[in-house]
Amino acid sequence: MLRWKDIIYYAKYSNPEPARRVEKTEEEWRQLLKPLQYLILRKKETEPPYRNAYCRSYEPGQYTCAGCGSLLFHASEKYHAISGWPSFTQPATKGAVKYAFDNSHHMERIEVRCNVCDGHLGHVFPDGPEPAGVRYCINSESLIHKSIKS
Ligand SMILES: [Zn+2]
């Protein structure tokens, strides 16, 4: 389980190793992604709160990266944070996402990116529910929900 101190460590010193890497040029990303996906994943824009696909959706399954298809979050870790964006308590695996300090918009935040393709996903905050106490606040457009049949 990742806690705030682990995330700070990753952002400061060294991120977990990704399982694989996907690298494309900006032009390739622009062709591959829908316009809003491109703005969020590659240009770090933020979608509007509440008016986004997964904010209020609690279907079981998995959330994969809209850029590269990597598994990012399990629906079982999604919770109602009243933030306006999909919120998760943990990534699917330790190495699924990477972290970077982000001082844009006059705020000190920690950015969350896909560890495989570096796509911008959102931010992580130290105000999540116990036991981990962290909240991953993620743009719907950076995610694709997949139902899992067992
Ligand atoms: Zn990705």
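1. Basis of the note. This is a predicted model, in which local features need pLDDT of at least 70 and side-chain atom pairs count only at pLDDT 80 or more, while totals for chains, interfaces and linings use all residues. Residues are numbered from 1 along each chain as its sequence is written, and side-chain values use heavy atoms, with hydrogens and water left out.

2. Zinc site. The zinc ion is coordinated at 2.3 Å by the SG atoms of Cys 65, Cys 68, Cys 114 and Cys 117, where donors are N, O and S atoms within 2.8 Å of the metal (3.2 Å for Na, K and Ca) and, water not being among the atoms, sites may look incomplete. The arrangement is tetrahedral because the 4 donor atoms subtend angles of 103 to 114° around the zinc ion; for four donors, that label requires all angles to lie between 85 and 135 degrees.

3. Placement of the donors. Along the chain the donors of the zinc ion follow the spacing C-x2-C-x45-C-x2-C. Strands are DSSP runs of E, at least two residues long, numbered from the N terminus. Both Cys 68 and Cys 117 are buried, a term for under 20% relative accessible area, with exposed meaning over 50% and partly exposed in between (1.4 Å probe, protein chains only).

4. Ser 83. Ser 83 sits in the loop between strand 3 (78–79) and strand 4 (87–88), and its relative accessibility of 16% is why Ser 83 counts as buried. Its side chain makes a polar contact with the side chain of Ser 87, at 3.4 Å; such a contact is a pair of N or O atoms within 3.5 Å, and within protein one must be able to donate a hydrogen and the other to accept it, while residues adjacent in sequence count only if both atoms are side-chain atoms.

5. Backbone points to check. The peptide bond from Glu 130 to Pro 131 is cis, with omega near 10°, and Pro 131 belongs to the loop between strand 7 and strand 8 (135–138). His 105, in the loop between strand 5 (97–102) and strand 6, has a positive phi near 55° and is exposed, with a relative accessible area of 61%.

Methods
Four donors count as tetrahedral if all angles lie between 85 and 135 degrees; four count as square planar and six as octahedral if opposite donors are over 155 degrees apart and all others between 65 and 115; anything else is irregular. Helices (H or I, at least four residues) and strands (E, at least two) are DSSP runs, numbered from the N terminus.
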